[in-house]
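Please look over the sequence and the structure shown here before reading on.

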Amino acid sequence: MSRSSHFFGQSVFVQLISLIDNSIIINSVKKYDSDRYVKRFTTKDHLISMLFCTFAKCTSLREVSGAMLGLSGKTHHFQLKHIPYKSTLADANKRRTSDVFGDIYHSLLKRYKSYISDSRIKDVINKQIEIFDSTTISLFQDILKCVGRKPNNGKRKGGIKVHAIINVDETVPKMVWFTHSARNDHFLLDKLKPNANTIYVFDKGYNDYKVFKKFVENQTGFVTRLKDNAVYDTVLDNEIDQNIHSGVLEDKIIELEVKEQNQISKIKLRKIVFYDRKLKRTFEFLTNLFEMRPDLVSAIYKLRWQIETLFKQLKQNFPLKYFLGDNENAIKIQIYCALIANLLMTVIQKQLKRKWAFSNLVSFCKIHLFNYIHLMQFLEMPNKDWLKSQIQIEQLTLF
């Protein structure tokens with residue numbers, strides 16, 4: 001029987017880690033001085049250990065430490081100089097700033113931007129569409145302030161809210177912030193920079209007429225949904241052309257009041273009513289894109305589901321139900337490492353000609369994490385060796 005053509009001198013985990021250029025880690029360490037007073041367990045050792053935890057879906061410090069100790073002799077392949085004990089990893093998660101991991105993530109995003117970007121939508125709209133939203137991750141202890149009533153047993157759980165912005169053509173977070181889950185989503189609106197070449201898409205939970213006025217003044221486009229209790233005056237009923245999608249029921253110019261420091265001003269916006277036959281429900285969209293086709297405005301808002309899909313992908317494929325530390329810094333580190341792992345898997349998925357579902361790709365890497373197979377070759381032609389062996393068996397049976 002012939003030798004497997006997928007055999008490779010490096011394990012799958014080494015191939016995944018090799019996507020992180022060493023210069024990125026060095027620059028981030030210098031920027032945040034994260035190895036100051038550290039003798040053994042460096043930032044790079046910490047990153048590799050946490051990425052191992054993420055890909056292997058470990059759920060405890062003991063599991064990470066024990067599994068890596070069992071790999072003694074193989075760790076030099078992925079440049080891990082010191083295998084962490086349970087206490088070492090716990091101390092590092094508590095003391096080393098999570099910002100260094102965030103900087104590594106953003107550097108990787110910049111490095112692989114050309115691999116994951118798809119400019120087809122931008123070419124049609126001629127503007128960059130950015131989507132923002134937040135998701136809450138429940139915690140096992142009262143570490144960060146959470147919403148909801150106090151339980152009968154008196155033991156409150158904590159919660160961390162992840163605020164994210166994505167470019168519609170990238171499908172991974174462009175910017176990330178963390179707050180306690182009781183923090184209002186309007187926190188993110190203060191982080192936005194008005195830009196005439198950008199269209200922001202968000203749900204009605206972010207409705208803020210002061211911000212809308214700021215967008216209008218800076219010629220920054222936005223698409224959102226109108227709140228059910230919104231008070232407005234209709235200024236003009238736009239005529240709907242015959243070539244417009246039949247789902248467009250109304251296209252109006254409306255006027256809303258904006259209250260600022262005991263003063264009231266007015267802004268004109270556009271209200272579009274669209275009936276979705278697939279969902280069998282009506283949507284009311286609010287925008288300042290006065291020249292755009294009304295059906296295209298509704299199509300832009302549908303792109304918002306990309307960020308919902310991203311949050312679902314992160315929670316389903318990476319260990320964000322079990323955290324290795326009972327402090328805010330450790331939780332942020334684990335989330336950043338999940339984002340890094342998600343980015344690396346997205347890069348691999350985009351490079352493949354053969355279509356793989358993201359969840360299948362993550363599961364495959366977990367199963368074969370320390371198998372010595374060429375990852376890209378195997379993913380492109382997983383049945384190659386099996387088909388070859390079947391042909392050889394058939395040839396042998398002929399004699």
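Which residues does phenylalanine 52 touch, not counting residues up to four places away in sequence? The model is a predicted one, and in it phenylalanine 52 touches Phe13, Lys57, Cys58, Val64, Ala67, Met68, Leu71, Leu369 and Phe370.

## Overall architecture

The chain contains 15 helices and nine strands. Of its 399 residues, 49% count as buried. Where contacts join residues at least 6 apart in sequence, 64% of them connect residues at least 24 apart.

In soluble globular proteins, nonpolar side chains tend to be buried together. Here the largest nonpolar core comprises 99 residues, and Phe52 and Ile335 have the most contacts inside it. Helix α12, which runs over residues 328-351, gives the most to this core, with 14 residues. A second, separate core has 22 residues, among them Trp177, Tyr200, Val211 and Val258.

Helix α12 is mostly covered, as 20 of its 24 residues are buried. Its length can also be checked.

## Aromatic pairs and charges over rings

A search of the whole structure finds 21 aromatic pairs. One of them is formed by tyrosine 200 and phenylalanine 215, which are stacked at 5.6 Å centre to centre with 25° between the planes. This pair links distant parts of the chain: tyrosine 200 belongs to strand β4 (residues 198-201) and phenylalanine 215 to helix α9 (residues 209-217), and the two are 15 residues apart. Both tyrosine 200 and phenylalanine 215 are buried. Ring pairs also link Tyr200 and Phe215 into a cluster with Phe132, Phe202, Tyr206, Tyr209, Phe212 and Phe222.

Two arginines sit over aromatic rings. Arginine 111 lies over the face of tyrosine 112, at 4.6 Å from the ring centre. The charged end of arginine 304 is placed over the ring of tryptophan 305, 5.5 Å from its centre.

## Cysteines without disulfides

A disulfide is a covalent bond between the sulfur atoms of two cysteines. The structure holds zero disulfides.

## Loop residues with positive phi

Most residues other than glycine have a negative phi. Tyrosine 37, however, has a positive phi, near 65°. Tyrosine 37 lies in the loop between α2 (22-32) and α3 (43-56), and at 73% relative accessibility it counts as exposed because the cut-off is over 50%.

Asparagine 126 also has a positive phi, near 65°. Its loop lies between α8 (120-125) and β1 (128-138). At 61% relative accessibility, asparagine 126 counts as exposed.

Key. Residues are numbered from 1 along each chain as its sequence is written. This is a predicted model: local features need pLDDT of at least 70, side-chain atom pairs count only at pLDDT 80 or more; totals for chains, interfaces and linings use all residues. Side-chain values use heavy atoms; hydrogens and water are left out. A nonpolar core is a set of buried Ala, Val, Leu, Ile, Met, Phe, Trp, Tyr and Cys residues joined through side-chain atoms within 4.5 Å. Buried means under 20% relative accessible area, exposed over 50%, partly exposed in between (1.4 Å probe, protein chains only). Helices (H or I, at least four residues) and strands (E, at least two) are DSSP runs, numbered from the N terminus. Contact means heavy atoms within 4.5 Å. Rings of Phe, Tyr and Trp (its six-membered ring) pair if their centres lie within 6.5 Å; planes under 30 degrees apart count as stacked, over 60 as edge-to-face and the rest as tilted. A charge sits over a ring if NZ of Lys or CZ of Arg is within 6 Å of the ring centre and within 35 degrees of the ring normal. A disulfide is a pair of cysteine sulfur atoms within 2.5 Å.
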